[in-house]
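Work through each task on your own before you turn to its solution.

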Amino acid sequence: MDLRLACLLFLSVLIVQVTLAKRNGNGNKSGEDKQLEKEIAKALQDGISANIIANHFAGVAEDVNGVKLTVAELEAKIKDIEEKPNNNVNGPIDAKVYRLPDFIVKKHDAAVEARDNPQDIDLTQQELPVGVYGNREGEPKADLTANIQKDSSPNPHVDIRGIYSFVRQDIFDNHMEALEKKQTSTRRRRSVENSIDDPPAQKSKDVKASCDEYIDADYAEIYSPNYPNEYEPNSDCSFYINVPQHQQLTIEFTSFNVEFCVDCACDALYVKDEAYCGTKPPGQNGLVSYVSEGVHRVRFVTDGNTQLSGFFAIVRRQNVEVTPSPHFCDFDTDMCSYVEDVNDHFDWTRHTGATESGDTGPSGDHTTGSGHYLYIEGSGRNEGDEARLGTAIYNTTTGRGCVRFWYHMYGVDMGTLNVYVNDDDTLPSGTIFTLSGNQGNAWHFAEVDFLATSRHAVVFEGVRGTGFRSDLAIDDIEVTNRACHPVVTTEAPTTAHDISTRMPCDPATQFTCNDGTCIPLWWVCDDIVDCSEGEDEDDCGTSTPTPEPLCDISCNGNFTCSSGYISSPNYPNNYPNNADCTYVIHIPDGHYAYLLFQEVEIEVCGVGECVCDALIIDGIRFCGQTFFASVYLLPNNYGVNEILFQSDFSITYKGFRASVEILPGLPAVDLPNYCSFESLNTCGYMQSEEDYFDWTKGSSRTPSANTGPDFDHTFGDLNGNYMFIETSFPRIFGERARILTPIFRAPTDGVACVSFWYHMFGANINTLTVNLVKVYGSQPNDTESTRLWLRQFDQGNQWLHHELEVNIDTYFQIAFDGICGSGYLGDIAIDDVDITIGRCPTSGTVDTPTTVAPTPQDECNRHIYENFTQFNSPNYPNNYDNNLHCNYTFYVPPNQYAAIYFTDIEIESCGNDCGCDALIIEDIRFCGTTKPGVNGTIYFPLDREITMSFVTDFSVTYRGFHAFAVLFNKIGVTTPFDCYFELTDRCGFVQYLRDDFEWTLYSGSTPSIGTGPTGDRTTGSGSYFYIESSAPRIPGEQARLFSPIFYPPRGEVCLGFWYHMFGAGMGTLEVLYLSENTSTFSAPIFSKSGDQGDTWHFEEITIYSDEFFRVIFDGYVGPSYTSDMAIDDITVKDGACAPNLPTCAPYQYQCNDGSCIPDYWECDGIPDCPDNEDELGCDFGTCAPGQWQCNNGWCIPDHWLCDNIQDCPGNEDEDCSTTVKP
């Protein structure tokens, strides 16, 4: 029975009861007539046709004289009512008048509008909170008929567990169980009191429907009225087919014969809002698929002219599993849940090796050459035969998607490849990709954006060509739930032939080597072997090499050519205000980029600091005016180097223009080389990527008083420049900044002289070292570094000179390392670096240290009382002796803290327990070359005596160790501590030097799609830390991030942080802490692995420690590049964490134990909090006249009663057996 007819039957019984009651009480007949008109108007608003209403009330309704109305009389009355204006008895109300949430009013108004105008309203477009459309979980489908809308209506079976994810699981389960019992009891009571059964549930099979039916069955038959006889004229009937979650729907039309008119303007069957007529059925050969849940509408409309036999169709619902995206399939192990179409001519074939026919098809798969792929076999088929294959079912919340795939279309008879998306708003015939004809004996790449409203599948259709040589193949298919993005070409495969975790090469500009490496297309057939197997130079013959494109980028672009230009926006006209441009220079391994700046004209702001507008190269800011300045760039670990150009809101100039050439080899230059840091490119000096921060270009005094130089050494005034390290916050003790010279060719006699000036003035000066870096390749790890010279402590407010001789027989650089001291008065500077061929002069220009602490005679059994005291193993830097037992005692005063800073360690390593030689610090043994503590520093609390021992056995000896003992008035930070990583504030967090790679401070979306956050947690536009998992990263690699040091807590502290772990290849995030003075790491106090969804999650953990400690975040790379995990908003508070205390949203109620529940669950008659406090002290008061009170105290308009729309949480407003509607 139609649910609406059931409701009308119920109303008719009510009318009879009211009529009899009024007769017995001598009621007013005119009042009864008005009640009848009201019920007829209500039925008309519900979409019930006039003839059904007339037949329904015939024999029940009476006129004012008590005579039963005939069908004709009722039809006349109905016609009069239809012509009356303002028959809507459920008009809008003012929410402020009622004591109920605003969204309940919006929900009711939207439901009324949808009910009264079912073809015009889409509830998915209403501004309603998620989840207010349907009933709570467990309610029968009969209570959801108000949600029957057009084909794209909201899903009445929405997964409300996802909506209420903030509710603890046990609380949620208890609430749902109690609610179901409550609603079941209410429905059972209604049934008994009214003697009217609930609408019968649909059978699981053999459901037949000819018009105006709500179908909720796995199998049903729908057909036009009177089928197979002629359908009725002037009819308008609909079929509403419900598809629950985890199911999909197919409608198979076995017969279709509907009057044909242009645009189907006469008779028409509407499927997915498209009109069909004639004899061609909807869909692909009569098969229509729906992959989204919800209620789908099929509508049949006829006019008064020709009538034919109509249609017959079989409706089937099948279970479906939604596959997370991005989803990659290479067909090497299985079909990846892909499904063959049952209504095409033949199937796709999973295959390996060559196809059976010659001169067509691939010789191997695309992934490895020896794996599997899918293809259609052209032999034995007819021209135009189709084979269709649907991917797995995916879901999108962004409304967009991207499909990437490789195809092979080789053969003179080649047919067509079509790709289309099947969802609820896109017909299967709407292709997103099509290609026909012979494309050559090669695999080709394609990526296509598409729109999808909800669940969807991608369909690949192969059409057989004119002959058997039309074997068409596909492989390596990836479907994502976001739009396609620019192809990243710098990722290297994790293993040979494994490109499943990297982005494909761009076929428009790049060539794919057999191992997956991308090279420029114009490197093919250029007589230079670039691919590891030489395939870029195979089969060249007399062909003309592909002409090289010319890159010319004026702002924000990828420079992938071998030559071209970059320039500021609008050049040679003035650049705009607020420009923010990034030029990504792609540099293949074994190459470098040579940039010649033909002109630079950028606003100067600040004394040598370029704080307004700037060109930023290798972390150094440039401004001013120059001509024909050259710059050499090496690739970073990702094969690129980025140049930035930024302008502010004020003055603008011409900007810059530079030519770019990608050249093989190293950008080596010949000696001599002199640099005073006056030029735009700072003489080609480059910042290291393996340190903590960068050197800064300065001219006047550094930002902090009482440290650093007042002017440069070259000119001694504001006209000159120098390089310095700024040691103010957020820098901490022991952090290192490295700057390197250009790469030099070794002099012919193998000897060079390094001359430089340095400035080390300030109470907190630490260390400056000069290092020789031997260069063997273009990557940062293709080097070997050796320290040549070291200077420490305050040398006075003066420039000092030093020379060093270098013996070298290979490419080399000189590296200057500046190391932070214990405070901001530690700025170190260098200037006038001159590297020449041959031995250094003996003119006596070598400096003499002024304040280096004296080296004691006895390096064993020492007592250390003074700050900045050096100590080391006996004979250091020469090898220590056998059979030593040395003790070092360091006293920490009551009002200070201490740190031991190790600059070097090399002790015989013998087993995991350092059983031979060892440095012993508070019973922990250290050996090998790994420095104790965090990056070589151990911290100790105040008022204690530190004892260290150095013991050796009778065998092998090494150079030992060298360290400093330092006292501080303060170390680290105090609690409470709050860090949001906004702007460039790292809050004292530091990278670990002995892990595999680093955490990255970032804002916006991470570079890879299908992983990482789209913005920070704090504001959505701020910064956060994340790990980038794309190549060259490999599964299992670790990135470790240390917090600043925290004071010893008075017992316990509460660590809070937010994390984001979204991606199909997600790895593991672990949190632990380090006890500073014992250098011991805790076991993980938090560990999470795998995809946690595209959202930020909060965690709180209590840490117990009586020592200085750091919090450590370890990120481990997962099995693929979709493993970008992030952290943000880190807090450390005094005291233990509250148990299970999340932060409830404004629209939530917080229980005493910290649990969150929806605020409208408070005072709803169902206890949800463990102590039932959500149901205590509920004072509902009294509703105003014209209002009706729900059991939970809400006030609703009295005309909302018995209108088939649930408004009260317990549905008592629709308990019409005990509630008489006013």
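**Exercise 1: A link across the sequence**

In this predicted model, Cys1054 and Cys1137 are joined by a disulfide whose sulfur atoms are 2.0 Å apart. Find the handedness of this link, then work out which parts of the chain the pair ties together and whether Cys1054 is buried or exposed.

Solution. Begin with the distance: a disulfide requires two cysteine sulfur atoms within 2.5 Å, and the 2.0 Å between Cys1054 and Cys1137 meets this requirement. Next, take the angle about the S-S bond, which is 105° and belongs to a right-handed link between Cys1054 and Cys1137. Then place both residues in the chain: Cys1054 is part of strand S60 (residues 1052–1061), while Cys1137 sits in the loop between strand S66 (1125–1134) and strand S67 (1148–1150), and therefore the pair ties together parts that are 83 residues apart in sequence. Finally, apply the cut-off for burial, which is under 20% relative accessible area: Cys1054 counts as buried because its relative accessibility is 6%, and Cys1137 is buried because its relative accessible area is 16%.

**Exercise 2: A left-handed or a right-handed link?**

Decide whether the link of Cys860 and Cys886 is left-handed or right-handed, and state where in the chain Cys860 and Cys886 lie.

Solution. First confirm the bond: Cys860 is joined to Cys886 by a disulfide with an S to S distance of 1.7 Å. The angle about the S-S bond is -105°, and the link of Cys860 and Cys886 is left-handed. As for position, the pair links distant parts of the chain, since Cys860 is found in the loop between strand S45 (828–837) and strand S46 (862–864), whereas Cys886 belongs to strand S48 (residues 885–892), 26 residues apart. To complete the picture, Cys860 is buried because its relative accessibility is 13%, and Cys886 is buried because its value is 0%.

**Exercise 3: Buried or partly exposed?**

Classify Cys211 and Cys820 by accessibility, and then describe the link of Cys329 and Cys336.

Solution. Cys211 has a relative accessible area of 23%, so this residue is partly exposed. For Cys820 the relative accessibility is 1%, so Cys820 counts as buried. Turning to the last pair, Cys329 and Cys336 form a disulfide with their sulfur atoms 2.0 Å apart, and an angle of 80° about the S-S bond goes with a right-handed link. Both Cys329 and Cys336 are buried.

Conventions
Residues are numbered from 1 along each chain as its sequence is written. This is a predicted model: local features need pLDDT of at least 70, side-chain atom pairs count only at pLDDT 80 or more; totals for chains, interfaces and linings use all residues. Side-chain values use heavy atoms; hydrogens and water are left out. Buried means under 20% relative accessible area, exposed over 50%, partly exposed in between (1.4 Å probe, protein chains only). Helices (H or I, at least four residues) and strands (E, at least two) are DSSP runs, numbered from the N terminus.
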